[in-house]
Structure formats: C-alpha cells, structure tokens
Amino acid sequence: MSAPEGWNPRIVVFACNWCSYAGADTAGVSRIQHQPHFRMIRVMCSGRIQPGFVLRAFEKGADGVLVSGCHIGDCHYLFGNERAVEQFEKTRAVTRILGLEDERLRLEWISAAEGARFAQVIDQFTERVRALGPSPLAREAR
Amino acid sequence: MDAGRHPLIDVVTNAQVVACSGEPGAFRVRVRKRPRYVREDRCVACGLCVEACPQVGGNEFDMGIKARKAIYRPFPQSVPATYVVDPDACLNFLNFLTPKQRDRLERIRAIKARKDPAYRTDFLVCGHCVSACEVQAIDFDMQPEETDLEVGAILVATGFQEFDARSLRTYGYGRLPNVVTSLELERMLNASGVTQGHVVRPSDLRTPRRILFVQCVGARGEGGRPYCSRFCCMNAVKDSLLIRQHDPAVEEVTILYTDMRAFGKGFDDFVERARSEESAIFLRGRPATIRHDPTDDTLEVFVEDTLAHEPRRIRVDLVVLSVAAAPNEGAVELARMLGIETDAYGFIARRDPAVSAVETCREGIFVAGSAVGPQVIPDSVAQASAAAARAARFLSAERVTLDPEPPPPLDLSGPPRIGVLVCHCGINIAGLLDVSNLVDHAAAQPGVVAAVDDAFACSSTGQETLARLVAEHRLNRVVVAACTPRTHEPIFRETLARLGFNPYLLEMVNIRDQCSWVHAHHPTEAQEKARALLRMGIARAGHLEPLEEGRAPVTRSALVIGGGIAGIQAATDLAEQGFPVTLVERSSELGGRLAAPRLWHLYPTDRPAVEVLARKVERLRASGARILTDTEVTGIVGCVGSFQATLQGAVTEILPVGAIILAFGADLADPAGAYGHGRLSNVITSEDLERAFFEGGPRVEGKPLRSAAFVLCVGSRDPEGFSGCSRYCCPTAVKQALALARQGVDCTVFYRDMRTVSSGAEEMYREARGAGVLFVRVPSGSHAQVLGETRAERVRCRDELLDRVIEVPADLVVLSVGMRARQPETARFHDILKITVGLDGFFLERHPELAPVETAVEGVFLAGTVQGPKDIVDSVAQASAAAAKASVLLAHDQVRLDPAVSVVDPDRCRGCGQCVEICQFHAPALKEIEPGTWVAEVNPSLCKGCGTCASWCPSGAITARHFTNRQVEAMVDALFAEASP
C-alpha cells in the first residue's frame, strides 16, 4: 500500500543511556544531520525495553520502532543487552501475530562513539519504514 | 568528565609546572597558567564564537588533518568545556604580521594616541568572536597567571609523544603522500573525528582499497630506541577489524610485524578473531623500502616475508606507520624541577622497575601511565589507581568528607505543579527552533503552571531563573528543555538539591544535541519533534516520584585474602592509610611465589627475590596490619560495607569488614606429560629451575650443564586449554637463559612470539642474543620435539625464520609453564561471593579499561593474578590499585545508595526466582517470609538500576524506580497525543 503524499513515518526509538543515547548525542556534537521523524525514549539499559513498551508504541500509532543498546560484550550492566535480545524476540513474535511487517521493528547496537552510525541507522530505518507506508495498526489508531 | 565534576578535584588546564620546592607531605608547586582568553566562569560552550571567527588555525588534536578556527574547543569532550584562543592564529594578536610591520603599527598607534587622548590603542583588529559571544566570556586582557599549590604528594602522568617518523627516511613519512601514522589513522577512524570514522587516502580523500600497517616504527631497535612500544600490535589489529567492518570498499589490510605481542588479558583471542575473520593478513617482515608511483599515488612496499622466505612487492593505497611512544619533550625538564630522575631514553625513571610501577626516585612523587615508557590502557589505569593509593599515605591526615549540610526539604506534595524552562543556548537552539512557540506549547500541557525561556539555562542567571520559578509557583516538578541530560542533568539536579527540591523530580528534554544540532535542514520537522519531546518530558515529569538517597553503614576495615606479593602490597597500602586490615594466608608463611626457594632473581634488575620480599614483609609488619597465617576464609556473607567473613584455622572467628580484596594468586600449568615431562628425568619446569638456582645452579648427574633448551608457551596460547598469554614466561625464560649463558651453558629458546614487553625486558632479550643464546621461532601449530629415551638428549624443531630444522643438544629441558586460575579457590569464591568468572577461568574485572580491579560485586576487588596472568611489577601495581579503590569505600562511615533502583512488590511476587537468575549483580534474592512462601527482595546496596529485572518479571512485581512502566508509557502516549497550540 502506498503512502499518501507528504506523509512522514512516526518512529519511536528506545535507547539505553550509556551507548545508544550517547551515540545520538555524539551525532549532535559532530552535527551529523539525519532524518527528524523519530522520537527518542531513554532508559538506563536496553534490558529495560520490555515488549509492552514497544507494543504500546505501535498501538498508539508508531509506524516503526527501533530498539537500541550497547554492542554485545560492551553492556554497562554486563549482559543486559543479551536480555534485550530475548525480549526483542518475544516482541517480534507478537508483532507478527498483529500482522506487522518485520521491518517495522528493528534492533541495533550503537556505541557512544558511533554518532555517524547512529545517523546512518536512523536514515536507513526511516527510509525503510517510509517505503512500507503507514502501519496497519497506526491507521486504526488515528 | 567524572574528574572534571568531582568536588575534590581542581582541574588546571593550559598550564605547566615551573618550580617545585618543599618535601614529601609538604610540597610547594608553582604553576603557570597560560591565558585562554576565554573566561571559564562565563563560557557556556555554545560555539557561537567559532562560527563568527574568520581565521583558521592548525589542529593538534586531529593531527593537522582538519583545520580548526583560531578560537576553538580542543575536542568535543574536553574538560573544561571552555573554548580557547590560539594566539598564533588569532588576528587580534597580530602574530601574522612580520616584526617590521608590527613595529610600524605600534609607532602609528603611539602617534595617534599622542594627538588624540581618546584614541584607544587596545582596539581589536578583528573581535568578531567578542561581539558574537552572548555571555561576555571573551577577554583579550587575560594575562599568564602563576599560582603556588601546596600539596602532600605529586603524581606525574604526562604520557608520551609520538615518535617522529620523519627521522626514518625508509618509510617516507612526510615525503610520500599516502603514508600516515597510526595516530592520524585513529583520528580518521574515530566516529567524531575528521572523516567521521572513514579511512581515506590523504592525496585524494578516496577510500583506499589496500592498506598496509608497518609495526615497530621507532621501536625495538629502530631510530635508536630498543624498547617495545607495547600497544601497537593490538592497536593495528583493532584498527584492521574496525576498517573492515566499516568500509567494505577496503579489500585488504596487511600488517607487517616482527612478533605479535598480544600479551594482555583476552588479547590473543582478539588476534585470533582477526585471523579467522580474515580482517588482516599477517606478514612477518620489515619494509626495505617504500616507493611512490606518481601516476596514481599508490605505494609499492618491498619487504621480505621472513616466514615464507620470499621477497614481496605489495602495492597499496595507504601505508600506516605504527609509531612508537617516545618520551615527552618536557619530561627531562619536569623531572629536573621535581628532583626525580629520567632513564636513558628520557622517560621518568622508576625507583625499582622490578617491583614498583609507580614510585619515582623521590619519596612522595609518583608516576603512572606512559610517562615511564609505553603502557596499554588497562595497565595505565591500574597504575594510576596504584599511584593514588601510595600518594594517600602522604595525605591521610587531611582526608576530607564530602557531605555538606543539606537544606530542609521543600514540601512537594500534592498534584503535579510543573514548571518548564526552555533554553535558547544562544543560537544553538533558538537559531533553528521557535522557542516562544515551545514555551506556549509547554504552558498548554496539563499540570504545567509556569513556562519560561532563558538564553542559557545552565549559566548562573539561568540557574537563578530556575530557583525563582520554583519559589514563585511552588513547583513540585521541573522540566528543562535544553541539551543532553548526560552532561547537564547533574548541574540542574545540584541547583535543585540546594533549594531542598528533590532532584529526582527533574526531567530534561534534549532539544539541542538530538534536535536542533542534527535537523538543521528540516526546521519544520525539527520544531514538531521538539514539541513532541517537550510533551513527552512533561508527561513523564507528571509521574516522577521523589526518591531519597539511602545510606548503608560501612565497617571501615578490609580483608585481604592471600599473602603473596599482591596481598602483601594491598594490605600494606591500606594499613599505612590507617585502615584496620586483616591479611589471611592459608599456608604458614607469607610471600607466595616470591618465597624461597621458588624464585631466585627478578628481571630486569637481577635482585634476589627473597631480599625484595623481606623488605615488603618488613614494611607490612610495620604498617600495623593484622597478619593471620595458617588461616582460611571459609565463608562470606553480607554486602558492600558490611561483610562478615568466617575465618578458620590458627584463628577461628567471624570478622566484620567493609571491603574485600582477593589476592590468592594463580596456579602454574601442569605440563601433563608434554615434552616428556615426568618421563624424562631432565625435563623440568621453569619453577624447578628457579629452585635449582638456590642449590647452586642446575646440574646433570652431578656435573655442570653444557647445554639447555627452553620451551615457551607450555600451557599458554593453547586453543585446547588456556588460550591466553601468560605474560611472565618470555621475560622469565630470557632471564634464565641469560643467567645460564653467563656460566658458559649453550642455551636455545624455542618460542612462538617473543613477548618481552615489560620494562627493561626487550633490552634483556637483546643482551641474551648478544650473549649467544639461540632463539628458534616455532612455526604456528607445530611444537618442538624432545628426543631421548630415559632422559632428554636433544631438542629438534623447524626454525620458521631460517626455514630449516634445528637440532640442539640439551642436558636440560626447561618448560616455561603458563598460569591458570587457581583451583579450587576460584570456583569456591565464585560460589561464595558470586564474582563472575571469565571464559579464561580467571575472575572477570568490571571493565578492562575503566575498572580493572573492581568486580561486578560492589566492595570486592581483585589484586594480582586472580584476575589473569601478570608479572610481579604488574601484580604489585594492581594490588595498590585495589587498595586505592577499597580506601575510597572505607573513607566514609556510610555508603550512599542510588535510590533509582528496582523494588519488589511482595504481594505480587510469586517467588519464581527469575530475577535472581538474570541479575549479574546478585541484587535480588529470595526470602522466605512465612513457611513455604518465598518472595524476591532487591538489595539496594547491590542493585545498579538497569531495570532489566522489572522488564523480565513475569508477574510484573518489580518496579524500576525512575524508569517505571507508567513513566515510560506516559511518554509514548504523549508522543502521539494530538498537538495543541
């Protein structure tokens, strides 16, 4: 289904405080420009990002959700990001049942130094979600 | 950043020491501070001056690859975050004029001033930055200042400078276009660096297809520097992995090395990864010459592959020189002023390089990091903490407490009364976003009773505005829309705390770093985003709860487990600072591996180990530490600040302590029959040889030796067993071979990579070669063969470098056995204290660079080889570091507990124990509240506040404070709420 003219995707990014949120700040300090259609929600660890948060975002109208944390092995809390992977898989199982395309939900590891990578991930994800058009759930929400 | 914010640390930058007098405990140090022409007390680091400045200067931090303005911030995370003017580039200093022109200008000014008394001679030629600055921070009248500091101890941490590769003509650095140094490459690879993480050829800024690293540039004999630079091998391997991951256009990375010195914890596994992922081609050899092809600016490198035994010509687009660390130019002068010594190269000299990494030749003056010679980061960090521990002895009388009297808390009860402060940050935010629209939008949100804007919320006037807002509107929630909470939340929290306002009722909205700075091309969407972020922040603020910092009592004493050199050092350091320390040793004597007859002489100083040990023990006894030999620790309960240890043996008691240092050492590998050990009578271990030195030196059948063979990496670098490097064996084998060679014994050393990285070891290796010791490089995957029926007669192996089989007679074969995690102690203390064990079997440190002596269990520290193989000097440094970290904890009679942790609702908990299973910090534990009913309880002393258990709990019984479900969900809901004005 094609997106209406002038439509912009609504994207929610859940990011851990130590790596990914910091990586977004690094993009800022280096003025690396990227797409503005996402909204960031900070938690301390990606392990905190439970299925309910992501599902609520879709329920309320998100067209895409990005879950992001420290690279494996780099977690500020040792293995929180590995728990994040497991929770991400659970979330994925539900979004499939809901009929959401897999590409609307993404997991990325971005370190505090990777400002350029943060910008790149946002741009790519935005384009991907834009190509998919509005979320089937979002249409109901609106 | 932590140091910059610490209330007890004064950071004086742009300054140098010009004189030093006094004595240990009472030094007087004169410091000259160069003017930065920007006032630190006013600058808010907005960057407006940089935009206004028309003049371009060089850029030291980016290795001159990228230009900067004449007013600049050295790098994005600099502390202080104040800008600085480069007088050599700034137009206002007229340094660009020739002396003659300047003279003329002065004369004209003088004449004008005589004619017109109102004429100002101090006008600025340019001054764009002055007019651009909204907080009047730029001050060209600033003068150099000298201040005298009165200090008890001095720590020298001046680092190194890059070896100047221009001096080696072969490599063409500075002459050929696409030859760069490893530090220049580092700036390219840095995500916030000159090319944002992409590697380019300087000649055309295109991605190089082929890259070649040259190792040991200015090290190991080159450019007059015999020492090994230690960090370059791993750095090149790391860079090759990064490049291949980030730039698929790079087809090939070659590393020209001599020995792959992956000596640190986990380093060998890292190199193996690079090999197996084929991120780099490892080629042993040094380039003979590098030729430039002017048609396409490629470089042709001529090198002999010394393992394949063939000359190679490799055409590449970029050559990276792994340049060695050289002493700082100012080090000798600094040492002269401080009255300490430098070594032959110009590094700061250590008093006893075999034992102490951090003591200089003068009492009260310490050194850490690469100021003494090249160091890797984990060692530098451990040494820094070690130096701090030793320095504390000169300061302990002046221990300071951090707790000022808190103001009476404000009444913040009732429904949310939210105040919103939107920051302009000069034009950083207001240049793109419509701030008044944001203020109106905020004012229209539920619960908001006041919304205002401010030019710079973090400036002193901004903080006053905030205080006034709180008082006038009786706020009980505050939202600041400005920059990132990661840097500025502490500032606003502190301001609020000083008002008696609970700092956890503050919410920051990041509309600068993550909005105006990155969406400059989309002003409409950026405004929309800022409005959404503001709504989300306000919604979360409405659900914030006041949290109170908890306090837990600290038993101000320490337990050191293990009486080897590491335990002795840690106990001495703590006891000398005045803390009660109990050192528990299982055997009947102190000393561990240094005790006779286990270790004969130490490298590189050749001093008897027993003599060193006797001095250390004497100092320990004088320190007042309680020493319990023949005693074991059989159990420990409790947590940070209040552990209870059960001691059994010569002394049996329950000992309360606040901190625990594990220092029970490591085992040596058992050759397990390898190389004929156990079967052939004259195949012994390196430890046996040390023992033989005590009995007048090794003999065969009562006769003196004629020949000896040393086999390295026995039980180390073994893919089947311990895959890491044991670090101490190469220098030990060289030391032993050298000692025998001096007695006329023909010695041969069979090695894989010669890793003589410790201080003075590379020099010792050269000396051994000079003394006739034969070194045979064993091919990867192959082993030396020990020949003989009942006793070893000869040792045979193909020498990878000569490409022929070498067979040498051996009256004695010495197996250099590696280290192993000590068992069953490691497993036992893993059970008792729940300390994580790494894949290599040793205890896992909290973070290899940031926290090398801490564990995931608060209050438990690692000293010496319990954390991984180390030699004596590194063990001692790590032991002092552990003592330093423990003393930070013991300095107060209470520990502060972060209230933003998890809590369990006992009514909802089913006692399933999943939280207990997933928590790495062992914060949750099951408790039987009534017979048969178990519920989890989170110990706030152990919880780090990650919130993972709250997400994981199948019953929803756990709340992650400050990041509760309701707070996060409120943000999601507000995000999608229809926009009001």
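Me: How many salt bridges does the structure hold over all chains?
Reply: Over all chains, the structure holds 82 salt bridges. Please bear in mind that this is a predicted model.

Me: What does A:Asp102 pair with?
Reply: A:Asp102 forms a salt bridge with A:Arg96, and their closest N and O atoms are 2.6 Å apart.

Me: And is A:Asp102 buried, exposed or something in between?
Reply: A:Asp102 counts as partly exposed, at 31% relative accessibility.

Me: Now chain B. Which residue meets B:Asp103 in a salt bridge?
Reply: The partner is B:Arg107, with a distance of 3.8 Å from N to O. B:Asp103 and B:Arg107 are four residues apart in helix α3 (residues 99-115) of chain B, so about one helical turn separates them.

Me: Why does that spacing matter for direction?
Reply: An α-helix has 3.6 residues a turn, so residues three or four places apart point the same way.

Me: What about B:Lys927 and B:Glu937?
Reply: Their side chains meet in a salt bridge, 3.4 Å from N to O. The pair links distant parts of the chain: B:Lys927 lies in strand β47 (residues 924-930) of chain B and B:Glu937 in strand β48 (residues 933-938) of chain B, 10 residues apart. B:Lys927 is partly exposed at 40% relative accessibility, and B:Glu937 is partly exposed at 41%.

Me: Which residues are linked in a network of salt bridges?
Reply: The network links B:Arg220, B:Asp259, B:Arg261, B:Asp268, B:Arg717, B:Asp753, B:Arg755, B:Glu762, B:Arg777 and B:Glu800.

Me: Let us stay with B:Arg717. What is its phi?
Reply: Phi of B:Arg717 is near 45°, a positive value in a residue other than glycine. Most residues other than glycine have a negative phi.

Me: Where is B:Arg717, and is it buried or exposed?
Reply: B:Arg717 is found in the loop between β36 (707-714) and α19 (729-742) of chain B. At 14% relative accessibility, B:Arg717 counts as buried.

Me: And B:His962, what is its phi?
Reply: Phi of B:His962 is near 75°, again a positive value in a residue other than glycine. B:His962 lies in the loop between β49 (958-960) and α25 (965-976) of chain B. B:His962 is buried, with a relative accessible area of 6%.

Me: On backbone geometry, which peptide bond into B:Pro597 is it, cis or trans?
Reply: A cis peptide bond joins B:Ala596 and B:Pro597, with omega about -5°. B:Pro597 sits in the loop between β26 (581-584) and α17 (609-623) of chain B. The peptide bond from B:Tyr603 to B:Pro604 is also cis, with omega near -10°, and B:Pro604 lies in the loop between β26 and α17 of chain B.

Me: Changing topic: which residues of α11(B) are buried?
Reply: In α11(B), B:Val435, B:Leu438, B:Val439, B:His441 and B:Ala442 are buried. Seen down the helix axis, the buried residues of α11(B) fall within an arc of 165°, so they line one face of the helix.

Me: What do they pack against?
Reply: The buried residues of α11(B) pack against β20 (418-423), α10 (427-430), β21 (448-454) and α15 (523-543) of chain B. B:Asp440, found in helix α11 (residues 435-443) of chain B, is partly exposed, with a relative accessible area of 48%.

Me: Last topic, the two chains. How many residues are in contact?
Reply: 52 residues of chain A are in contact with 49 residues of chain B. The area buried between chain A and chain B is about 4,600 Å², and carbon and sulfur atoms give 61% of that area.

Me: How many salt bridges are there between chain A and chain B?
Reply: The count between chain A and chain B is five salt bridges. In one salt bridge, the side chains of B:Glu969 and A:Arg56 meet at 3.7 Å, N to O. There are also 18 residue pairs in polar contact between chain A and chain B.

Me: Which element of chain A gives the most to the side that touches chain B?
Reply: α1(A) gives the most to the side of chain A that touches chain B, with eight residues. The residues of that side divide into 24 nonpolar, 16 polar and 12 charged.

Note on methods:
Residues are numbered from 1 along each chain as its sequence is written. Chains are lettered from A and ligands numbered from 1 in the order in which they are written. This is a predicted model: local features need pLDDT of at least 70, side-chain atom pairs count only at pLDDT 80 or more; totals for chains, interfaces and linings use all residues. Side-chain values use heavy atoms; hydrogens and water are left out. Contact means heavy atoms within 4.5 Å. Buried area is the accessible area (1.4 Å probe) that two parts lose on being put together, summed over both. A salt bridge is a side-chain nitrogen of Lys or Arg within 4 Å of a carboxyl oxygen of Asp or Glu. A polar contact is a pair of N or O atoms within 3.5 Å; within protein, one must be able to donate a hydrogen and the other to accept it, and residues adjacent in sequence count only if both atoms are side-chain atoms. Helices (H or I, at least four residues) and strands (E, at least two) are DSSP runs, numbered from the N terminus. Ala, Val, Leu, Ile, Met, Phe, Trp, Tyr, Cys and Pro count as nonpolar, Asp, Glu, Lys and Arg as charged, and the others, Gly among them, as polar. Buried means under 20% relative accessible area, exposed over 50%, partly exposed in between (1.4 Å probe, protein chains only). The arc is that of the directions from the helix axis to the C-beta atoms.
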